[in-house]
Amino acid sequence: MSYRSLAALILTGAISSIAHAQTAAPPTAEFKVPDESSIPSGPKGDAIRNGKLLLTETHQRLPKNVGNKLTCSNCHLNAGTTPGASPWVGIWGVFPEYRTRNANVNSLQQRVNDCFQRSMNGKPLPYDSREMNDILSYMQWLSSGVPTGVSVKGRGFGQINRELVPNAAHGKEVYAAKCVACHGPDGQGVKNPNGSYAFPPLWGKYSFNVGAGMARTYTAAAFVRHNMPLGQPDTLTEQEAVDVAEFVTHQPRPDYPAKAKDWPKGDKPKDARTQG
């Protein structure tokens, strides 16, 4: 082989390696929830345990910051430990992270407060508050062993076909057949005797506002497809999930005036809500 041919072969290989590196999927870590026995004693352990309580009993424990009757774990199932239900496992090491909704790099504190303002229809926590630090402590503990900058398998809500055309009328039928037993015919959920909710309200003044991610058809559909009905994940078809999500998300719910500032670069998703 001539020198020129060898050089060309090396150059071709180098270009191929660079192209592969640019298109290769980002690394992911295995999904593993740490054992509660690993929670340390002392103040840090107390913070972790309290953080979990704040996220699983949110409207009861933070009434000044929550404007509805939801808890964070209504969407982040099992205290953020369920794959495909927007888990907090591994979340610690991927922030700060760019977000298209506000076209900025967001800290984890900002992301938590975004949920308080939208999903909880409430007010943000002070960044230096005990409550914020306890929530972060719990998320950090859940992320034990996950390398910094690496997402876990099962992050987010899973996949859904966004080319499917929603049919709200059919979605109403799916809701009546599959969702009424837990969330009620009026979507107001089911209360426990102590006033907490066994099953959360899906619309109305006690539910998430129009600025929440769950108010978007395809986001809600992915959650429903892979997690609902509770205990029967992946039993609805993708079309059924999209249809029932269209029905639920377009029921009356609180407005979020600041939504007018979302997607400042003009890349607003087709299913983003525009009114309550």
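The following legends describe close-up views of a predicted protein model.

**Conventions.** In this predicted model, local features need pLDDT of at least 70 and side-chain atom pairs count only at pLDDT 80 or more, while totals for chains, interfaces and linings use all residues. Residues are numbered from 1 along each chain as its sequence is written, and side-chain values use heavy atoms, with hydrogens and water left out.

**Figure 1. Overview of the protein.** Ten helices and six strands are present in the protein; helices (H or I, at least four residues) and strands (E, at least two) are DSSP runs, numbered from the N terminus. Of the 276 residues, 45% are buried. Here, buried means under 20% relative accessible area, exposed means over 50%, and partly exposed lies in between (1.4 Å probe, protein chains only). Among contacts between residues at least 6 apart in sequence, 66% join residues at least 24 apart, where contact means heavy atoms within 4.5 Å.

**Figure 2. The crossing of helix 9 and helix 10.** Helix 9 (residues 217-227) and helix 10 (residues 238-249) have axes that come within 8 Å and cross at roughly 125°. Axes are lines fitted to C-alpha atoms, for helices over the stretch in contact, and angles run from 0 to 180 degrees between N-to-C directions. The two helices are therefore oblique to each other; angles under 35 degrees count as roughly parallel, over 145 as roughly antiparallel, 65 to 115 as roughly perpendicular, and the rest as oblique. The crossing of helix 9 and helix 10 is right-handed, a term used if the near helix is turned clockwise from the far one by less than a right angle, the anticlockwise case being left-handed.

**Figure 3. Residues between helix 9 and helix 10.** From helix 9, the residues Thr 217, Tyr 218, Ala 220, Ala 221, Val 224 and Arg 225 meet Glu 238, Ala 241, Val 242, Val 244, Ala 245, Glu 246 and Thr 249 of helix 10. The residues of this contact comprise eight nonpolar, two polar and three charged. In this grouping, Ala, Val, Leu, Ile, Met, Phe, Trp, Tyr, Cys and Pro count as nonpolar, Asp, Glu, Lys and Arg as charged, and the others, Gly among them, as polar.

**Figure 4. The surroundings of helix 9.** Helix 9 is largely enclosed by the rest of the structure, because ten of its eleven residues are buried. Among these buried residues are Thr 219, Ala 222, Phe 223 and Asn 227. The buried residues of helix 9 pack against helix 4 and helix 10.

Figure 5. Side chains of opposite charge can pair when their charged atoms come close. A salt bridge is a side-chain nitrogen of Lys or Arg within 4 Å of a carboxyl oxygen of Asp or Glu, and the count comes to 14 salt bridges. One of them joins the side chains of Arg 118 and Asp 262 at 2.8 Å, N to O. This pair links distant parts of the chain, 144 residues apart: Arg 118 is in the loop between helix 5 (108-117) and helix 6 (130-142), and Asp 262 is in the segment after helix 10. Arg 118 is buried, at 5% relative accessibility, and Asp 262 is buried at 13%. Both residues belong to a network of salt bridges that also includes Arg 99, Arg 101, Arg 111 and Asp 114.

**Figure 6. Two further salt bridges.** Asp 271 and Arg 216 meet through their side chains in a salt bridge (3.2 Å, N to O). Asp 271 lies in the segment after helix 10 and Arg 216 in the loop between strand 6 (197-199) and helix 9, so the pair ties together parts that are 55 residues apart in sequence. Asp 271 is buried, with a relative accessible area of 7%, and Arg 216 is buried, with 16%. In another salt bridge, the closest N and O atoms of Lys 259 and Asp 255 are 2.8 Å apart. Lys 259 is buried, with a relative accessible area of 18%, whereas Asp 255 is partly exposed, with 39%.

Figure 7. Most residues other than glycine have a negative phi, and most peptide bonds are trans. Phe 95 and Pro 96 are joined by a cis peptide bond, with omega about 0°; Pro 96 is in the loop between helix 4 (77-80) and strand 2 (97-99). The peptide bond from Met 228 to Pro 229 is also cis, with omega near -10°, and Pro 229 is placed in the loop between helix 9 and helix 10. Asn 121 has a positive phi, near 50°, and lies in the loop between helix 5 and helix 6. Trp 263 has a positive phi, near 50°, and is found in the segment after helix 10. Asn 121 is partly exposed, with a relative accessible area of 22%, whereas Trp 263 is buried, with 9%.
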